[in-house]
Amino acid sequence: MPAAGRIVFVTGGARSGKSTFAERRVAQEAARVGGGVTYLATAQAFDDEMTGRIARHRADRPAGWVTHEEPLTVPAALRAVTTPAALLDCLSLWVSNLMLAGHTDEAMLNAADDLLRAARERSGVTVLVTNEVGFGIVPDNALARRYRDLLGWVNQRAAAASDEAHLIVSGLPLRLK
């Protein structure tokens with residue numbers, strides 16, 4: 001039976017540097033084991049600005065990395081990864097995508113548990129990127145509060161299951177575990 005996969009959890013606020021940190025971390029792991037990287041992207045383009053962001057992110061990735069864009073069935077996409085290093089960017093958009101697709105809270109938490117099982121079933125490392133949304137004020141509407149709560153619960157599960165966890169603030173990493 002293959003060794004249990006390692007999970008690296010990376011969180012922080014918007015534009016904190018978490019994706020850059022995660023990309024460096026997954027590249028280090030790939031170099032250590034002599035293998036490639038699969039980048040699982042969850043973003044969807046609903047407007048021109050987001051289309052541009054996604055295009056810039058694609059262009060910035062190293063040429064040898066395999067990219068899979070999967071907004072909803074992320075656990076299955078992770079199970080299909082064959083490279084020793086995988087980067088999922090990000091849990092925040094994935095939870096949003098599931099909410100917009102009409103998933104119940106229970107279904108989303110079950111999907112998060114399935115994702116963490118998929119990461120453990122791999123023999124390589126999986127780096128999970130997510131936004132920390134709990135530092136701000138309580139949102140003024142029910143949908144935003146539901147999103148904040150669900151992402152908080154998903155983040156708690158992912159952080160608890162991780163082998164290492166990092167909080168990125170203003171480009172500076174703080175190792176949590």
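Me: How many aromatic pairs are there?
Reply: The count is one aromatic pair, taking Phe, Tyr and Trp (six-membered) ring centres within 6.5 Å, with planes under 30 degrees apart as stacked, over 60 as edge-to-face and the rest as tilted. This is a predicted model, where local features need pLDDT of at least 70 and side-chain atom pairs pLDDT 80 or more, while totals for chains, interfaces and linings use all residues. Residues are numbered from 1 along each chain, and side-chain values use heavy atoms, without hydrogens or water.

Me: Switching topic, where does UniProt place the "active site"?
Reply: At His 57, in an unreviewed entry; such annotations may be inferred rather than shown by experiment. His 57 belongs to helix 2, residues 48–60 (a DSSP run of H or I, at least four residues).

Me: Why is His 57 called partly exposed?
Reply: Because its relative accessible area is 34%, and buried is under 20%, exposed over 50% (1.4 Å probe, protein chains only).

Me: Which residues lie nearest the centre of the largest pocket?
Reply: Arg 15, Ser 19, Arg 53, His 57 and Asp 89, out of 28 lining residues. A pocket is an open set of 1 Å grid points fitting a 1.4 Å probe, with protein on both sides within 12 Å along at least five of seven lines, and lining means an atom within 4 Å of a point.

Me: Which helix gives the most to that lining?
Reply: Helix 2, with five residues. Helix 1 (18–33) and helix 4 (91–100) are among the elements that each supply at least two.
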